[in-house]
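Colleague: I would like to go through the charged pairs in this protein. Please show me the model.

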Amino acid sequence: MKKWQYSLAVALWLSAASTVAHGESYPNKPITLVATAAPGGVVDLLARQLGQRLGKIWGQQVVVENKPGASNQIGAAFVANSAPDGYTLLVSPEATFVVNPWLYKILPYDPVKDFVPISGLISISQSLITHPSVPARDMKELIEFAKKKPGELNYGTFGVGSTGHLNMEMLQIATGMKLVAVHYKGATPALTDVIAGHIQMMFISTSSAIQPSKAGRVNLLAVGSSKRLARVPDIPTVAEAGLPDFKAVSWFGLFAPRDTPRDIVAK
């Protein structure tokens, strides 16, 4: 065997041995799941459910750390700059990777180069809710009411460029409504202000809208899915209100910092 062949063989063997070592020893200490939104929202609940399942499977503690703000940039940048050892992972919505690059000239992370995608997690629909003080019981009435008061009604978002923001902007373009955006660090603070009547409406995950709707604290006007949902079969879709191409959905994923060993990502 030539010297270069021997050296290559040794390098490959060492690489394989390192890979096995990573896979066999991981995880041997607590793991942190960074959620890019405030406690109580979909990102937070998803991270906590995922952490509980992983903790049971691996026999290790999985801690959820909330780092909301700046349209997911704070949490994403934190994970991007973390050690690529599998012990700091990111749970975040699509806006972090798909929307932010179009809204911000400078990001504190590279959405393509700084992360390794591990897995898609869920895709959810969003629903349009209003405070009961808004005299509209369906989409048609809301559109008519809002057009009579251009610029007077506020809606909440869970960050500039979030799906809750963009979906409402698309709705305004499609209907001619003129609303005022109020941005929050997460869906839960925005929902709290809708319930309190500080803002009049928002798009929020359907699962988050159901309970306050049943309690009469908000009105659930329409779901953003392509068809009615089994959990709320009596609630029409936005498309049924005369906007056939309108959808309000979000997806969420799990990511690791770049250069995280492949066997850890696979595990």
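Colleague: How many salt bridges does a search of the whole structure find?

Modeller: This is a predicted model, where local features need pLDDT of at least 70, side-chain atom pairs count only at pLDDT 80 or more, and totals for chains, interfaces and linings use all residues. Residues are numbered from 1 along each chain as its sequence is written, and side-chain values use heavy atoms, leaving out hydrogens and water. A salt bridge here is a side-chain nitrogen of Lys or Arg within 4 Å of a carboxyl oxygen of Asp or Glu. Searching the whole structure gives a count of four.

Colleague: What separates D44 and R48 along helix 2?

Modeller: Their side chains meet in a salt bridge, 2.8 Å from N to O. Helices are DSSP runs (H or I, at least four residues) and strands likewise (E, at least two), numbered from the N terminus. Helix 2 covers residues 42-58, and D44 and R48 lie four residues apart in it, so the separation is about one helical turn.

Colleague: Is D44 buried or exposed?

Modeller: Buried means under 20% relative accessible area, exposed over 50%, partly exposed in between (1.4 Å probe, protein chains only). D44 has 3% relative accessibility, so D44 is buried.

Colleague: Which residue forms a salt bridge with K67?

Modeller: K67 is buried, at 18% relative accessibility. The closest N and O atoms of the pair are 3.1 Å apart. The partner of K67 is E65.

Colleague: Where is E240, which meets R228 in a salt bridge?

Modeller: The R228 and E240 side chains meet at 3.0 Å, N to O. The two residues are twelve residues apart. E240 sits in the loop between strand 8 (219-223) and strand 9 (249-257).
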